Amino acid sequence: MNITLKVWRQKSTSKPGKLVEYKLANIDPDMSFLEMFDILNGQLTMKGEEPVAFDHDCREGICGSCAMYVNGRAHGPQTGAAVCQLYMRSFNDGDTIIVEPWRSRAFPVIKDLSTDRSAFDRIVQAGGYVSVNTGSAPEANEILISRQTQEMTMDAAACIACGACAAACKNASAMLFVGAQISRFALIPQGQAERRERAERMVAQMDSEGFGACSFIGACAVECPASIPLEVITRLNREYLGAKLH
């Protein structure tokens with residue numbers, strides 16, 4: 001395949017950025033999108049030019065590091081997959097591919113395609129934990145949890161904190177992320193101790209980070225690589241209202 005890349009290049013947060021065009025030839029269709037970027041960076045390095053900065057780690061759709069827009073969509077054209085799970089066979093020979101970083105005030109660009117997503121870490125630190133006694137693991141059947149509750153909890157816990165929800169939302173809302181974090185604790189007995197405080201603290205931190213309000217359009221769930229359901233936002237609203245009334 002021969003493709004044309006238009007990649008966002010930005011030296012730092014304080015510097016303006018722009019799209020820069022690159023031509024790549026003989027790209028294997030079975031190559032992953034990030035492997036294609038490795039080839040581009042190899043060519044740039046050989047020319048003495050600065051390689052494109054982008055985040056990556058596991059490259060297995062688990063860590064959520066590979067956060068970028070591909071042709072105007074968070075994580076690219078595939079549904080339920082991160083950029084590292086995107087393959088070049090999803091594009092056609094001769095295509096022009098536009099690659100940009102997350103566009104959200106709460107995710108400032110560090111360099112090129114790399115953004116600062118530590119806002120999510122601070123939201124979790126505000127209330128994403130449970131009170132437990134350290135020591136040996138408890139008996140597995142000591143606290144019985146129904147199969148349905150287990151499945152709903154695991155669905156929420158599947159969030160990889162990539163930020164696609166906030167990036168895809170026209171309001172840059174982080175409600176899907178926060179809803180997933182609150183749901184994973186609110187549904188199980190172990191998470192009841194901080195239940196009220198958790199909702200208030202995490203929502204307050206989300207607001208202070210500059211994320212927008214949710215208008216329940218659903219773009220966040222569509223672009224989420226972990227397929228987190230919209231019902232976690234409903235649960236977040238219920239938990240927050242209950243905390244305020246309490």
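User: I am new here, so what does the chain consist of in terms of secondary structure?

Analyst: Welcome! The secondary structure of this predicted model comes to 8 helices and 7 strands. Its C-alpha atoms fill a box of roughly 60 × 40 × 35 Å along the principal axes. Of the 246 residues, 44% count as buried.

User: Why are helices H6 and H8 called roughly perpendicular to each other?

Analyst: Two packed helices are described by the angle and the distance between their axes. The axes of H6 (residues 195-208) and H8 (residues 231-245) cross at roughly 110°. Angles of 65 to 115 degrees count as roughly perpendicular, and H6 and H8 are therefore described that way.

User: How do you know that H6 and H8 meet?

Analyst: Their axes come within 8 Å, and the residues in contact can be listed. On the H6 side they are Arg-195, Arg-196, Ala-199, Glu-200 and Val-203. Their partners in H8 are Leu-236, Glu-239, Tyr-240, Gly-242, Ala-243 and Lys-244.

User: What makes Leu-113 buried or exposed?

Analyst: The relative accessible area decides. Buried means under 20%, and Leu-113 has 1%, so Leu-113 is buried. Leu-113 sits in the loop between strand S6 (109-111) and strand S7 (114-115).

User: Which residues does Leu-113 touch, leaving out those up to four places away in sequence?

Analyst: Among them are Val-7, Trp-8, Phe-37, Phe-54, Met-68 and Pro-101.

User: Why is Ser-104 called buried?

Analyst: The relative accessible area of Ser-104 is 12%, and the cut-off for buried is under 20%, so Ser-104 counts as buried. Ser-104 is found in the loop between strand S5 (96-100) and S6. Leaving aside neighbours within four places in sequence, Ser-104 is in contact with Ala-172 and Phe-211.

User: How many of the chain's contacts join residues at least 24 apart?

Analyst: Taking contacts between residues at least 6 apart in sequence, 68% join residues at least 24 apart.

Key. Residues numbered from 1 in each chain as written. Predicted model: local features only at pLDDT ≥ 70, side-chain atom pairs only at ≥ 80, totals over all residues. Heavy atoms only, no water. Helix = DSSP H or I, 4+ residues; strand = E, 2+ residues; numbered from the N terminus. Buried < 20%, exposed > 50% of the residue type's maximum accessible area, 1.4 Å probe, protein only. Contact = heavy atoms within 4.5 Å. Axes fitted to C-alpha atoms, helices over the stretch in contact; angles between N-to-C directions. Parallel < 35°, antiparallel > 145°, perpendicular 65-115°, else oblique.
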